[in-house]
Structure formats: structure tokens, C-alpha cells
Amino acid sequence: MRQAIAIILSIAVLSLFLGLGTWQVQRLHWKEGVLAEIDARIAAAPVSLPEVPDKARDTYLPVVVSGQFGEGTLRVLVSTKQDGAGYRLISPLQTDKGAILIDRGFIRVADKMPPAPEGQVSIEGNLHWPDDRRSSTPDNDVEGNTWFARDIDQMAEVLGTQPVFVITRQMTPAEPRVLPLPVTSDGVPNRHLEYAGTWFLLALTWSMMTLTLLWRKKRRNT
């Protein structure tokens with residue numbers, strides 16, 4: 001009787017592990033579909049900036065904006081695989097719909113911060129509401145102009161713009177000393193394959209442990 005109960009419990013636990021692994025595989029396929037939709041949206045033909053951009057509706061929306069850069073540039077600390085540590089440069093752009101925030105791109109830490117281009121510029125990029133801040137992220141050093149997260153409301157207040165943020169994909173005329181860091185789906189987490197592997201590995205381990213215990217018990221009884 002006790003052995004039957006143990007077998008039933010072992011099967012129940014194994015079924016749980018397999019079920020969770022299967023669920024994570026389903027979530028993986030769902031997330032891959034979401035990422036494909038995001039990639040398609042990012043790469044779509046750009047449109048004019050909406051009158052009132054909306055986070056739920058317009059995240060990743062490709063836009064074209066034109067205007068002149070205003071005073072001030074914020075430095076947001078970032079690291080890239082190819083170039084290491086550096087800064088994103090955030091500057092205000094005065095457009096016919098008011099001043100907005102522009103992520104001009106990347107410079108290395110050791111590079112001198114170039115001034116924003118003078119005169120009329122045209123920027124093709126994507127609307128975004130980045131989520132850089134984590135529980136361990138330091139507060140932005142506004143006075144020292146070292147930012148650790150792209151907090152749109154705070155940046156807009158400092159630079160005197162609307163809380164509208166466009167990340168540059170291409171600027172005309174181009175900035176030779178600034179490397180654009182366009183929006184991609186790389187920052188969207190997708191660890192479902194890892195989670196699925198963990199649950200299936202637990203199922204395999206549990207099966208081996210159960211079989212080993214049953215084999216040892218059988219040997220003792222023979």
C-alpha cells in the first residue's frame with residue numbers, strides 16, 4: 001500500500017514537471033510571435049509624429065521628425081558589446097509640434113561629448129518608453145550629468161521638453177562622431193526556453209531518482 005502511494009506521488013510530481021515544461025514551450029512560441037510582431041513594427045515605414053503619442057498604442061512606432069536641436073545634452077551611461085562602456089546622448093529637438101527628446105546615439109566614455117548639430121535636421125527613429133530602471137539602479141546624477149536610466153519624465157523636466165522620446169535610427173545630416181543605437185527587440189526578455197529546459201531536466205532527474213529507489217528496494221526484497 002505504501003509503495004503504491006509512493007508511486008502515485010512520484011507520477012504526480014513527474015506530471016507536474018512535464019506539464020510546467022510543456023507550458024514554458026507554449027510560452028516560448030507565444031513570445032517568439034510577440035517578438036516577430038515587434039520586429040515588424042520597428043522596421044515598418046515611418047510616419048509623422050502623432051499629435052499625442054500614447055505608450056500603449058505607439059511604443060516602437062517608426063516616425064520621422066524634423067527641427068532644430070536646443071540647448072543641453074544629457075549623458076546616459078550604457079555598455080555595448082562592440083564598443084564597451086559609453087554614453088547615450090539625449091538632446092532636445094524643437095519641432096513644429098513642440099520640443100521632444102531625441103536619443104542621438106552612442107559615444108565612448110573617453111570621447112569628448114560632441115555638440116548637437118546646428119541647423120535643420122531630419123531624424124528617422126522609433127518612439128519608445130524604455131524601462132531601464134531596476135531596484136539596484138542608482139539615482140540619476142543630474143548635476144554631474146551622469147544618468148543611469150532614461151527616465152523620460154525627469155529628462156523632459158531637465159531639458160524643458162514634452163515627455164516624448166524618439167530613438168534615432170538615421171539622422172540627416174549624419175553625426176560622424178555619434179553611433180546610432182536604434183531600437184531593437186533584443187531588450188525584450190525571452191527566457192522561456194531556459195525555463196522549459198529547467199523543468200524537463202527536473203523531470204528527468206526525478207525519474208532517475210524514482211527508478212533508482214525502486215530498483216534498490218527491489219534488490220533488498222530479493
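**Note on the predicted model: strands, pocket and local geometry**

1. E5 and E7 run parallel, joined by three bridges. Asp103 stands opposite Ile167 in E7. Strands here are DSSP runs of E with at least two residues, helices are runs of H or I with at least four, and both are numbered from the N terminus. Two strands pair if DSSP finds at least two bridges between them.

2. On provenance: this is a predicted model, where local features need pLDDT of at least 70, side-chain atom pairs count only at pLDDT 80 or more, and totals for chains, interfaces and linings use all residues. Residues are numbered from 1 along each chain as its sequence is written, and side-chain values use heavy atoms, with hydrogens and water left out.

3. E7 also pairs with E6. These two run antiparallel, with six bridges. Glu124 stands opposite Gln170 in E7. On to E2: seven bridges join E2 to strand E6 (residues 120–127), again antiparallel. Asn126 in E6 is the bridge partner of Pro62.

4. Strand E1 (residues 47–48) runs parallel to E2, with two bridges. There, Val47 stands opposite Val63. E2 and E4 pair in the antiparallel sense over two bridges. Gln94 in E4 is the bridge partner of Gln68.

5. E3 and strand E4 (residues 84–95) are antiparallel and share seven bridges. Ser79 stands opposite Ala85 in E4.

6. Of its 31 lining residues, Arg88, Asp132, Arg150, Asp186 and Gly187 are the closest to the centre. (A pocket is an open set of points on a 1 Å grid over the protein atoms alone, where a 1.4 Å probe fits, with protein on both sides within 12 Å along at least five of seven lines; lining residues have an atom within 4 Å of a point.

7. By class, the lining has 15 nonpolar, seven polar and nine charged residues. Ala, Val, Leu, Ile, Met, Phe, Trp, Tyr, Cys and Pro count as nonpolar, Asp, Glu, Lys and Arg as charged, and the others, Gly among them, as polar.

8. Ile7, Ile11, Leu211 and Leu214 make a nonpolar surface patch of about 340 Å². Helix H1 (2–42) and helix H4 (192–221) each supply at least two of its residues. Ile11 sits in H1. (Patch residues have over 30% relative accessible area and no salt bridge, and nonpolar side chains are joined within 5 Å; areas are Shrake-Rupley values with a 1.4 Å probe.)

9. There are ten salt bridges, defined as a side-chain nitrogen of Lys or Arg within 4 Å of a carboxyl oxygen of Asp or Glu. One joins Arg104 and Glu175 at 2.7 Å, N to O. Arg104 is in strand E5 (residues 98–108) and Glu175 in the loop between strand E7 (165–172) and H4, so the pair ties together parts 71 residues apart in sequence.

10. Two backbone points deserve a look. The Thr172 to Pro173 peptide bond is cis, with omega near -5°. Pro173 lies in the loop between E7 and H4. Tyr60, not a glycine, has a positive phi of about 75°. Tyr60 is in the loop between helix H2 (55–58) and strand E2 (62–69). Most residues other than glycine have a negative phi, and most peptide bonds are trans.

Definitions and conventions
Patches are made of residues with over 30% relative accessible area and no salt bridge: like charges are joined within 9 Å, nonpolar side chains (Val, Leu, Ile, Met, Phe, Trp, Tyr) within 5 Å.
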